[in-house]
Amino acid sequence: IVCTATSSSRPVFDASDVTPGTHINGVGSFRPDMIEVPPATVRKAVLIVDHRESCLAEAGDVLAPYQTVEDAAAAIHAELGDVVLGRAGGRPDDDAVTFFKSVGNAVQDLYAASHVVERAETEGCGHRVRI
């Protein structure tokens with residue numbers, strides 16, 4: 001598993017470093033001029049995104065490997081929500097390289113935060129603070 005969380009404008013590792021079965025989480029680059037993951041790696045990976053439209057507008061990792069936005073759109077396998085809900089498959093086999101690209105999604109952040117608060121209340125842990 002490789003996790004990138006940088007503001008780099010060029011890949012932070014080499015495509016040759018990625019072996020079959022690798023999963024990559026790219027959560028840093030969030031502008032078209034930012035690229036953390038080598039384009040060759042993106043082209044061979046099963047590409048899952050947090051939000052299709054946002055990634056096609058903002059994610060250099062998704063845009064750079066392709067000639068057009070339409071080509072990049074065609075390369076996206078699914079959104080994460082579709083994989084979680086079983087509407088789309090994830091890793092097709094053990095050797096597949098998978099790449100999850102996130103540019104941030106406020107609705108997903110809000111859901112995650114509410115889930116954490118709900119769980120803390122259920123388990124009686126944590127402290128409320130006034131801000």
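In what order do the elements of the chain run from the N terminus on? They follow the pattern β-β-α-β-α-α-α-β-α-β-α.

## Getting oriented

Welcome to this structure, which is a predicted model: local features need pLDDT of at least 70, side-chain atom pairs count only at pLDDT 80 or more, and totals for chains, interfaces and linings use all residues. Residues are numbered from 1 along each chain as its sequence is written, and side-chain values use heavy atoms, with hydrogens and water left out.

The chain holds 6 helices and 5 strands. Both kinds of element are DSSP runs numbered from the N terminus, with helices (H or I) of at least four residues and strands (E) of at least two. The C-alpha trace spans about 50 × 35 × 30 Å along its principal axes. Of the 131 residues in the chain, 34% are buried. Here buried means under 20% relative accessible area, exposed means over 50%, and partly exposed lies in between, for a 1.4 Å probe and protein chains only.

The 5 strands form an open sheet in the order 1-2-5-3-4, with parallel pairing. Strand 1 (2-4) and strand 4 (76-79) stand at the edges with a single partner strand each, so one side of each has no neighbour in the sheet. On average, neighbouring strands of this sheet are turned by 20 degrees against each other, direction ignored. The axes behind such angles are lines fitted to C-alpha atoms (for helices over the stretch in contact), and angles run from 0 to 180 degrees between N-to-C directions. Two strands count as paired if DSSP finds at least two bridges between them.

Strand 1 and strand 2 pair in the parallel sense over 3 bridges, and V2 stands opposite I24 in strand 2. V2 itself belongs to strand 1 and is partly exposed, because its relative accessible area is 27%. Its C-alpha atom is 8.9 Å from that of V18, a residue 16 positions apart from V2 along the chain.

## Strand 5 and its two partners

Strand 5 (residues 98-101) is covered on both faces: T98 and F100 are buried on one side, F99 and K101 on the other. Strand 2 (residues 23-26) runs parallel to strand 5 and is joined to it by 4 bridges, with T98 as the bridge partner of H23. In a regular strand, side chains alternate between the two faces of the sheet.

V46, in strand 3, stands opposite T98. These two residues are 52 residues apart in sequence, yet their C-alpha atoms are 4.7 Å apart in space. V46 counts as buried because its relative accessible area is 16%.

How far apart are the end C-alpha atoms of helix 6 (residues 106-123)? They are 26 Å apart, which agrees with the 26 Å that its 18 residues should span at 1.5 Å a residue. The expected span is 1.5 Å times one less than the number of residues. Just after helix 6, G124 takes a positive phi of about 65 degrees.

P65 lies in the loop between helix 3 (60-63) and helix 4 (69-75). It is buried, because its relative accessibility is 10%. The C-alpha atoms of P65 and V129 are separated by 45 Å, and the two residues are 64 residues apart along the chain.

## The largest pocket

A pocket is an open set of points on a 1 Å grid over the protein atoms alone, where a 1.4 Å probe fits, with protein on both sides within 12 Å along at least five of seven lines; lining residues have an atom within 4 Å of a point.

The volume of the largest pocket is about 170 Å³, meaning the space filled by probe spheres set on the points. Its lining divides into 4 nonpolar, 2 polar and 2 charged residues. Ala, Val, Leu, Ile, Met, Phe, Trp, Tyr, Cys and Pro count as nonpolar, Asp, Glu, Lys and Arg as charged, and the others, Gly among them, as polar.
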